[in-house]
Amino acid sequence: MVGWAPMSSFRRALDAPAGPLVVLSRSLVDQVAHASRASPRQRIILPLHKHDTDGLHRMLNVIQPDSYVRPHRPLEPPRTESWVLLRGAAA
């Protein structure tokens, strides 16, 4: 299972999976969803990039229905964000 911390010391993100290729299997998504439900914020990130210095940051964000992600625009440095909904609904 992907590592995650208990609620008393919750993390905003999990560790990136090992290896050069990450397959978003149903099992992996279920594991990250489990970690998001255990988070006080009801959401968690699974980074798919290996280093913060990587030019492109890709990540799986699992957000539970009771959580809220404030609209934002990354300005420093300027970046484009896109969302792809894999399960559930968004408003």
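**Group meeting: a walk through the predicted model**

Pro 77 lies in the segment after strand E2. The peptide bond that joins Glu 76 to Pro 77 is cis, with omega at about -10°. Helices (H or I, at least four residues) and strands (E, at least two) are DSSP runs, numbered from the N terminus.

Before going on, the ground rules. This is a predicted model, in which local features need pLDDT of at least 70 and side-chain atom pairs count only at pLDDT 80 or more, while totals for chains, interfaces and linings use all residues. Residues are numbered from 1 along each chain as its sequence is written, and side-chain values use heavy atoms, with hydrogens and water left out.

Now the strands. E1 covers residues 43-47, and E2 covers 59-63. The two strands run antiparallel and are joined by 5 bridges; strands pair if DSSP finds at least two bridges between them. Leu 46 has Leu 60 in E2 as its bridge partner. How many residues of E1 are buried? The number is 4 of 5, so the strand is mostly covered. For burial, the cut-offs are under 20% relative accessible area for buried, over 50% for exposed, and partly exposed in between (1.4 Å probe, protein chains only). In general, side chains in a regular strand alternate between the two faces of the sheet.

Next, helix H1, residues 26-38, which includes Ala 35. Ala 35 has a relative accessible area of 3%, which makes it buried. From the C-alpha of Ala 35 to that of Leu 46 is 9.9 Å, and the two residues are 11 apart along the chain.

The loop between H1 and E1 holds Gln 42. Gln 42 is not a glycine, yet its phi is positive, about 65°. With a relative accessible area of 22%, Gln 42 is partly exposed.

Where does the side chain of Ser 67 reach? To the backbone oxygen of Arg 41, at 2.9 Å. That is a polar contact: a pair of N or O atoms within 3.5 Å, where within protein one must be able to donate a hydrogen and the other to accept it, and residues adjacent in sequence count only if both atoms are side-chain atoms.

At 14% relative accessibility, Gln 64 is buried.

On to the loop between E1 and E2, where His 49 lies. Is His 49 buried or exposed? Buried, at 11% relative accessibility. Not counting residues up to four places away, His 49 touches Ala 16, Asp 54, Leu 56, His 57, Arg 58 and Met 59. A polar atom of the His 49 side chain lies 3.1 Å from the backbone oxygen of Arg 58.

Then the charged pairs. Side chains of opposite charge can pair when their charged atoms come close. A salt bridge here is a side-chain nitrogen of Lys or Arg within 4 Å of a carboxyl oxygen of Asp or Glu, and by this rule the count comes to 2. One joins Asp 15 and Arg 11, with the closest N and O atoms 2.7 Å apart. Arg 11 is partly exposed, with a relative accessible area of 27%. Another joins Arg 87 and Asp 30, and there the closest N and O atoms are 2.7 Å apart. Arg 87 is in the segment after E2 and Asp 30 is in helix H1, so this pair ties together parts 57 residues apart in sequence. Arg 87 is partly exposed at 44%, and Asp 30 is partly exposed at 35%.

Last, the surface. Leu 24, Val 84 and Leu 86 make a nonpolar patch of about 320 Å². Patches are made of residues with over 30% relative accessible area and no salt bridge: like charges are joined within 9 Å, nonpolar side chains (Val, Leu, Ile, Met, Phe, Trp, Tyr) within 5 Å. Areas come from the Shrake-Rupley method with a 1.4 Å probe; for residues, only the protein chains shown count as cover. Val 84 is in the segment after E2 and counts as exposed, at 70% relative accessibility. C-alpha to C-alpha, Val 84 and His 49 are 17 Å apart in space, and 35 residues apart in sequence.

Notes
Contact = heavy atoms within 4.5 Å.
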